[in-house]
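Let's take a friendly walk through the inside of a protein. Have a look at the picture first, and then we will follow a few side chains together.

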Amino acid sequence: MARIKPQALLNQSKKKKGPARISATTILICNLVVVVIILSLVATYRHWSQRFAVPPLLSGTCRFVDNCQGNQTGSGLSTLEIQRSMIYPGYAILNTSKGYITVELYKDGSPMIVDKFLDLCQKGYFKGMPFRHVIKHYVIQAGHSEGLGAAEDWTKKGKLHSRLSTSPKQEAFMIGTSKTRDNTGFELFITTAPIPDLNDKILVFGRAVKGEDVVQEIEEVDTDEHYRPKSLVRIVDVTLKREI
């Protein structure tokens with residue numbers, strides 16, 4: 001076998017091609033592509049995170065749809081109205097010492113009262129709230145005030161059972177709060193019979209759709225001459241849900 005001379009080996013190594021060099025233009029284009037991909041991923045993440053994020057209730061400077069102007073969509077609804085329907089709870093579950101009462105909230109018919117109710121729920125306002133007055137075949141009232149209750153006041157004014165009717169407009173198991181602007185706080189009233197002049201007494205913002213038997217059980221507790229329960233009946237806590 002012929003032996004290759006060192007000079008021939010040197011010549012062969014010179015003929016071999018070195019590694020291909022990447023041009024500066026190619027490097028720049030690759031970097032731009034990477035930057036575009038990263039920016040696209042960031043934008044996509046922000047879009048979907050904002051879409052599915054549930055902001056705290058009642059946050060921001062605009063609390064009520066009625067008092068704000070949002071961008072109109074093709075369906076005729078403002079973006080604020082759509083947001084309210086998506087993130088606001090539609091139901092409140094009152095856990096009482098007698099059982100659970102599920103209340104459907106009239107967030108479209110009474111947005112300001114529902115807004116106030118939800119705000120107080122988040123602050124724990126209703127935890128431990130006692131039922132102060134129980135009037136059979138009429139109404140039960142929960143509140144923190146120990147003074148003369150609105151329900152007892154209605155009774156003293158003579159608006160009693162003789163004026164009750166079966167009008168479908170004023171059904172039983174409606175839930176509302178007092179119209180009076182005093183310092184008694186936010187009281188809860190649940191009717192136990194149809195009351196024709198209900199709108200003259202309370203601001204209705206919901207209706208009990210489950211737990212009517214619990215309402216009736218509270219209605220049957222023993223009371224004194226001022227319609228105050230002789231044994232403690234209270235709201236343990238309130239749970240908010242978007243749907244049931």
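Does Phe126 count as buried or exposed? Keep in mind that this is a predicted model. A residue is called buried when its relative accessible area is under 20%. Phe126 has a relative accessibility of 1%, so Phe126 counts as buried.

Now look at the ring of Phe126 and its partners. Phe126 and Phe186 make an edge-to-face aromatic pair, with 5.9 Å from centre to centre and 85° between the planes. Phe126 sits in the loop between helix 4 (111-122) and strand 3 (131-135), while Phe186 sits in the loop between strand 5 (174-178) and strand 6 (188-191), so this pair ties together parts that are 60 residues apart in sequence. Phe186 is buried too, at a relative accessible area of 8%.

Phe117 is also buried, with 1% relative accessibility. One aromatic cluster is formed by Phe117, Tyr125, Phe126, Phe186 and Phe205.

Next, step back to the wider setting. In soluble globular proteins, nonpolar side chains tend to be buried together. Here, the largest nonpolar core has 33 residues, and Ile101, Phe117, Phe126, Leu188 and Phe205 are those with the most contacts inside it. Helix 4 gives the largest share of this core, six residues. A second, separate core has nine residues, including Tyr138, Phe189, Ile195 and Ile202.

Beyond its neighbours within four places in sequence, Ile101 is in contact with several residues, among them Ala92, Leu94, Ile190, Val214 and Ile218.

Terms used
Residues numbered from 1 in each chain as written. Predicted model: local features only at pLDDT ≥ 70, side-chain atom pairs only at ≥ 80, totals over all residues. Heavy atoms only, no water. Buried < 20%, exposed > 50% of the residue type's maximum accessible area, 1.4 Å probe, protein only. Phe/Tyr/Trp six-rings, centres within 6.5 Å; stacked < 30°, edge-to-face > 60°. Helix = DSSP H or I, 4+ residues; strand = E, 2+ residues; numbered from the N terminus. Core = buried A, V, L, I, M, F, W, Y, C linked by side-chain atoms within 4.5 Å. Contact = heavy atoms within 4.5 Å.
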